[in-house]
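Colleague: I would like to learn to read a model like this one, feature by feature. Where do we begin?

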Amino acid sequence: MSLLLDIKNLKVDLPTERGVLQAVRGIDIQVKRGEMLCLVGESGCGKSMTSLALMGLLPSKAKRSADHMRFDGIDLQSLDERGMANLRGSRMSMIFQEPMTSLNPSYTLGDQLCEALHAHKKVTAAQARDRAVYLLERAGVPMAADRMRQYPHQLSGGLRQRVMIAMALMCEPDLIIADEPTTALDVTIQAQILRLIRELQKEFGTAVVFITHDLGVVARIADNVSVMYAGQVVENAPVREIFTHPSHHYTRGLLNCIPVRGKTEPGSRLQSIPGVVPSLIGKIEGCTFANRCAHVRDACIAPPNVQVDPTHTALCVDAVPLASLETA
Ligand SMILES: Nc1ncnc2c1ncn2[C@@H]1O[C@H](COP(=O)(O)OP(=O)(O)OP(=O)(O)O)[C@@H](O)[C@H]1O
Ligand code: SF4
Ligand SMILES: [Mg+2]
């Protein structure tokens with residue numbers, strides 16, 4: 001499968017009163033067509049800034065740089081605002097945590113869904129309407145044709161998120177970026193929406209960058225995982241590898257925070273990672289996780305990005321190539 005998204009050394013700097021906040025510190029992202037990449041990490045580690053940088057939606061004061069940013073061979077850094085706006089909505093769409101940030105309260109759902117299509121494709125009003133009703137039905141919105149006449153405030157949070165999913169699919173995008181789309185929903189609705197996103201992603205062959213702080217969500221939907229910490233990707237691997245051979249101490253810490261069926265005693269206390277994320281203002285010397293890591297030592301001043309296996313990297317002095325473990 002060819003690479004749809006190929007990002008090298010992405011950085012996002014935000015000027016603040018206390019100095020430059022380096023929210024994203026040189027990360028690489030690669031996503032193939034039809035693949036689901038999960039970006040996972042604690043609050044404040046730079047997940048949203050990464051997604052906004054990819055979509056060209058950063059705050060105006062933010063400064064973005066990269067060695068390269070390619071989307072289906074298109075150099076994203078060479079596009080002006082108009083070029084990015086053309087890509088957004090037609091070939092790349094975004095789903096936010098709170099649907100009301102994207103839905104306009106003054107327009108009906110039908111108008112908003114059809115507008116997304118009219119803005120980018122030459123279709124008749126009837127074709128746009130048919131597609132909107134079809135996608136609302138596919139997204140599990142009951143009485144889809146009637147809902148077209150309703151306004152966003154007339155729907156529950158779960159239904160609004162289903163509408164957002166339908167809207168994101170209107171122009172058959174190649175890539176959807178979903179930033180914590182289920183975090184605000186209760187657990188049963190969350191499970192339904194995750195299943196839906198996975199089903200539609202497979203059905204339409206859409207690549208998805210799915211942002212979450214929850215490894216339980218990652219286990220359900222990811223093909224590949226990038227674990228983010230303090231603006232860096234500290235581990236990157238196929239989902240199975242992350243759970244069977246976590247190779248960065250931060251990833252291990254995250255895994256210890258989630259209950260495992262058959263392992264975690266019912267009623268027992270789950271672990272948490274002690275300490276706090278370092279300030280992202282200015283440079284961080286050495287491993288960004290050092291102030292919370294029980295294994296820190298002198299060598300951590302320059303952690304190598306270890307190739308654990310051909311599809312797995314980890315930025316830690318304790319990461320070991322799997323081949324060397326097997327021959328030992
Ligand atoms: N508009 C802004 N101006 C200055 N700093 C910001 C701005 N928005 C975010 N930040 C900072 O950038 C860093 C990365 O934030 P980001 O929103 O990307 O984190 P996140 O991983 O998405 O967190 P969460 O899980 O809470 O959504 C944080 O330190 C945050 O405080
Ligand atoms: S590089 Fe050092 S401080 Fe960082 S996670 Fe690995 S052992 Fe811990
Ligand atoms: Mg965020």
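Modeller: We begin with serine 51, which counts as buried at 1% relative accessibility. The cut-off for buried is under 20%. Keep in mind that this is a predicted model.

Colleague: Where does serine 51 lie, and what does serine 51 touch?

Modeller: Serine 51 lies in helix α1. Leaving out residues up to four places away in sequence, serine 51 touches Met94, Ile177, Asp179 and Ile211.

Colleague: How many residues of α1 are buried?

Modeller: Eight of the nine residues of α1 are buried, so the helix is mostly covered. The buried ones are Lys47, Met49, Thr50, Ser51, Leu52, Ala53, Leu54 and Met55.

Colleague: How do I read directions along a helix?

Modeller: An α-helix has 3.6 residues a turn, so residues three or four places apart point the same way. For a second case in α1, take leucine 52. Leucine 52 is buried, with a relative accessible area of 16%.

Colleague: Which residues does leucine 52 touch?

Modeller: Not counting residues up to four places away in sequence, leucine 52 touches Leu57, Leu58, Met94 and Phe96. Met94 is also on the list for serine 51. Now try a distance across the chain. Leucine 52 and alanine 132 are 80 residues apart in sequence, and their C-alpha atoms are 26 Å apart in space.

Colleague: What follows α1?

Modeller: Glycine 56 follows α1. The phi of glycine 56 is positive, near 70°.

Colleague: Now the ligands. Which residues are closest to ligand 1?

Modeller: Read the shell first, then the polar pairs. 14 residues surround ligand 1, and the closest are Ser43, Gly44, Lys47, Ser48 and Met49. A polar side-chain atom of serine 43 lies 2.5 Å from a ligand 1 oxygen atom. A side-chain N or O atom of lysine 47 is 2.8 Å from an oxygen atom of ligand 1. For methionine 49, a backbone N or O atom lies 2.9 Å from an oxygen atom of ligand 1.

Colleague: How much of ligand 1 does the protein bury?

Modeller: Ligand 1 taken alone exposes 640 Å², and the protein buries 67% of that. The elements giving two or more residues to the shell are β2 (19-32) and α1 (47-55). The largest share, three residues, comes from α1.

Colleague: What is the make-up of that shell by class?

Modeller: The shell around ligand 1 has six nonpolar, four polar and four charged residues.

Colleague: Which residues are closest to ligand 2?

Modeller: They are His249, Cys287, Cys293, Cys300 and Cys316, out of 13 residues that surround ligand 2.

Colleague: How far is phenylalanine 289 from glutamine 112?

Modeller: The two are 177 residues apart in sequence and 44 Å apart in space, C-alpha to C-alpha.

Colleague: Now step back to the whole chain. How many helices and strands does the protein have?

Modeller: The protein has 11 helices and 13 strands. Its radius of gyration is 21 Å, close to the 20 Å that the globule rule gives for 328 residues, so the protein is as compact as a globular protein of that length. The C-alpha trace spans about 65 × 50 × 40 Å along its principal axes.

Colleague: What share of the residues counts as buried?

Modeller: Of the 328 residues, 48% count as buried. For the surface, the protein exposes about 16,000 Å², with carbon and sulfur atoms supplying 52% of it. For the contacts, take those with a separation of 6 or more: residues 24 or more positions apart account for 64% of them.

Conventions. Residues are numbered from 1 along each chain as its sequence is written. Chains are lettered from A and ligands numbered from 1 in the order in which they are written. Side-chain values use heavy atoms; hydrogens and water are left out. A residue is near a molecule or strand if one of its heavy atoms lies within 4 Å of it. A polar contact is a pair of N or O atoms within 3.5 Å; within protein, one must be able to donate a hydrogen and the other to accept it, and residues adjacent in sequence count only if both atoms are side-chain atoms. Accessible areas come from the Shrake-Rupley method with a 1.4 Å probe; for residues, only the protein chains shown count as cover. Helices (H or I, at least four residues) and strands (E, at least two) are DSSP runs, numbered from the N terminus. Ala, Val, Leu, Ile, Met, Phe, Trp, Tyr, Cys and Pro count as nonpolar, Asp, Glu, Lys and Arg as charged, and the others, Gly among them, as polar. The radius of gyration is taken over C-alpha atoms; the globule rule is 2.2 Å times the number of residues to the power 0.38. Buried means under 20% relative accessible area, exposed over 50%, partly exposed in between (1.4 Å probe, protein chains only). Contact means heavy atoms within 4.5 Å.
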